[in-house]
Amino acid sequence: MLKLVAKDLCCLLLFAALNCGILPNLRITANTAFVCDPTLLVEHRLKSGRIPASVAVGDFNGDKNSDLVVANSGSDNISVFQGDGKGNFGEPMNVATGRSPRAVVVADFNSDGRADIAVANYESNNVSVLLGDGRGGFTSTTGLAVGSGPVALASADFNDDGQPDLAVANGKAGTVSIAFGRGKGEFLVAQTIPIGKDPVAIIAADINADGKPDLVVVNSRTSDFSVLAGDGNGKFAAAVRYAAGKRPVGIAVGDFNGDGIRDLAISDFGTNSVSFVSGRKDRGLAAAQTFNCFDHAFESERRISASGLPAFAWS
Ligand SMILES: [Ca+2]
Ligand SMILES: [Ca+2]
Ligand SMILES: [Ca+2]
Ligand SMILES: [Ca+2]
């Protein structure tokens, strides 16, 4: 049995649970230690809309307790659940979005100190920005046109102007759209980067430890993930690809082995497993480990060879 004590591992647990089918519903435990034994987990089931496709955390009513927002792909809306800080959540408040919302990300997009939500609308080919009023209400803005089939979102300040920006993985187009925030909830698409077939997940993090946010995109159909190094001025280098599983679908970043260096966790729908790719001090990638999810999350461990992984090459 593996004991997980780092706070970052909450994300990992959720990814493993949601993507491996072991824990098919969102589960929340006390924020002290996570023990991967289902008998020790406390389950809270929240009723969302149809086909919930993505979940994110933010404090939308300003009470300092974490709330949840869920994208309901089959209902064309999001559900916002206000948390009481003790693991309980109220009835959902639903807010209309574009068609088939697949992803949500939370940031303060208009610099008013209140959490806002960006939503990737797969069938509308755009991103909705919902500006929070700090009391749990939202105002919709005009949708931002992106590539065909946006499925995943990440937000960070890519051009270092103090405003959160967006990276949008466009599933049908096989591209990533980079949109700079203009500080009032408005965005301008500045770069469209070819990725490959069927990108399904994206995350923004400083993978190469140069202080500038990078992007990692999971490519489901080509069984790999792409790393795009950011230059801190809003531009990204061409994608460098790495093998990952059979049908990877989700990604989380965190320091999973406690060495102070960021690592990646990638959930694999095709093999019911989670792959861990460890960051190294020389800014390369160490061997991937795969944790099998068939029987018990994390209970069975299997190592795979790193021979197929190309070396990191940062310029
Ligand atoms: Ca709250
Ligand atoms: Ca705001
Ligand atoms: Ca920015
Ligand atoms: Ca970086």
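Tutor: A residue is buried if 20 or more other C-beta atoms lie within 10 Å of its own, exposed if 12 or fewer, and partly exposed in between, with C-beta atoms placed from the backbone. In this protein chain of 315 residues, 46% count as buried. This is a predicted model: local features need pLDDT of at least 70, side-chain atom pairs count only at pLDDT 80 or more, and totals for chains, interfaces and linings use all residues. Residues are numbered from 1 along each chain as its sequence is written, while chains are lettered from A and ligands numbered from 1 in the order in which they are written.

Student: How many helices and strands does the protein chain have?

Tutor: Helices (H or I, at least four residues) and strands (E, at least two) are DSSP runs, numbered from the N terminus. The protein chain has one helix and 24 strands.

Student: What is the order of the open sheet that contains β16?

Tutor: Strands of a sheet pair through backbone hydrogen bonds, either parallel or antiparallel. Two strands pair if DSSP finds at least two bridges between them. Here the order is β16-β17-β18-β19, with antiparallel pairing. Because β16 (199–205) and β19 (240–243) each have a single partner strand, one side of each is left without a neighbour in the sheet. Strands β17 (residues 214–219) and β18 (residues 224–228) are joined by five bridges, and Val 218 has Phe 225 of β18 as its bridge partner.
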